[in-house]
Amino acid sequence: MGITVAEALKLEGLDKATVVAGGSGLGRIITRVSVVECPEYEEYPELLREGDFFLTSLYAFKNDEARQLELIRTLVEHRSSGLCIIDLYMNDVSPAIKEFADEVSYPVLLLPNDIPYGDIITNVMDAIIQSKNDTIQAMKIDNLLQPGKTAEEIKQIAYEVNARFKENVTVLYCKDSGHDTSVKIKALRNELRAEAGWSVLKYQDGILLILTFDDRARSGVVLRLDELERRLIAMGPGCHLGVSSLHSGLEYLSVAVKEALLAVDVGQLLDRNVTHYRDLGLYKLLLLLRNEPEVKRFHAEILGPIARYDERYNTKLLDTAIAYVDNDGDLKRTARALFQHVNTIRYRLRKIKRILGMENFQGTFYEQLSVAVKIHKML
């Protein structure tokens, strides 16, 4: 367990560093930070460990490029994660070092000499420890979500996550596709540090917020939820937030986590910033069944003929069907959404009914079309 060099470069101190070679190796994992200032590695290679990230000024051979290259070769051989050179005696590395580091994807950094070694070591090691804790907490959540857990087992796991959890619970899950969540998690933890019954966890590729509260604080939690939703969405574009229901009983923590994760999935499908589980409607069931062949067959039976008709006659009946469902079967809203006259929408819906052989259906036509469109969005 550790952090990548890329993640370390976002920490205070190392954020001033410049990557001078081996930039394609920023995914290497740092498990320990060490200082190398003398050629002791030649006599004691056992001092080198896989995952070591080294700080140095290269004082021992600041004028010997051959020895500098030899050092880097040795560090690479022992699977070091990178080398950070303090620019006290040199402001760049030789072309030979750059060529070798680029070839083996070994990060070589250059850092201003006014950044203390101690700050770098402390900040990186703190991040490594936090990364290990995050991994352990994520494993506990995975365990929590395993089927067959009793109420007591769920509460026991919950108290392992946070011994100060209270009796009631709600969960938020923030998924930010394509963005690193580490900075956001750190900011949230600092902001919510005073909330003893709350936990901010790194989970999968997002942020899991577990909010527990007693009965007296229920109304206050609802207000805080609104604040948190706005705060999370404001942290950056591309964020999708899923919010569970409020549950009376910590034994419902696993249910709350599943609800938040499911809400995020629907939010991404529908491109919503915030999705509450209570508002999912039919998606609650469809998402659980999305890989069933019967669901895909139903989708093909309803929307397949419409899509084929569009392709053959260059019409837009499928777009009309989707807009009709998106607007809850309201003809006027559908017409506005598609910039069409309402009579045009009526005509297209009659055409869809004729294609599907549902001319004499009204309620069941919309019901089946709605389910098919929702499946279409999932697939």
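Analyst: At least two residues of the lining of the second largest pocket come from each of β8 (168-176), α8 (253-270) and α9 (283-286), where helices (H or I, at least four residues) and strands (E, at least two) are DSSP runs numbered from the N terminus. This is a predicted model, in which local features need pLDDT of at least 70 and side-chain atom pairs count only at pLDDT 80 or more, while totals for chains, interfaces and linings use all residues. Residues are numbered from 1 along each chain as its sequence is written, and side-chain values use heavy atoms, with hydrogens and water left out.

Helix α8 gives the most to this lining, with seven residues. The second largest pocket is lined by 17 residues, and Lys 258, Leu 261, Leu 262, Asp 265 and Leu 288 lie nearest its centre. A pocket here is an open set of points on a 1 Å grid over the protein atoms alone, where a 1.4 Å probe fits, with protein on both sides within 12 Å along at least five of seven lines, and lining residues have an atom within 4 Å of a point. By class, the lining holds nine nonpolar, one polar and seven charged residues, and about 300 Å³ of space lies in the second largest pocket.

Helix α8 also holds Ser 254, which counts as buried because its relative accessibility is 8%, buried meaning under 20% relative accessible area with a 1.4 Å probe and protein chains only. Not counting residues up to four places away in sequence, Ser 254 touches Leu 144, Leu 145 and Ile 154, contact meaning heavy atoms within 4.5 Å.

Helix α4 (residues 117-144) has 28 residues and reaches 41 Å from its first C-alpha to its last, close to the 40 Å expected at 1.5 Å a residue, the expected span being 1.5 Å times one less than the number of residues.

About 1000 Å³ of space lies in the largest pocket, and its lining of 36 residues has Gln 130, Asp 134, Ile 185, Lys 186 and Arg 189 nearest the centre.

Key
Grid points are joined across faces, edges and corners, and a volume is the space filled by probe spheres set on the points. Ala, Val, Leu, Ile, Met, Phe, Trp, Tyr, Cys and Pro count as nonpolar, Asp, Glu, Lys and Arg as charged, and the others, Gly among them, as polar. Buried means under 20% relative accessible area, exposed over 50%, partly exposed in between (1.4 Å probe, protein chains only).
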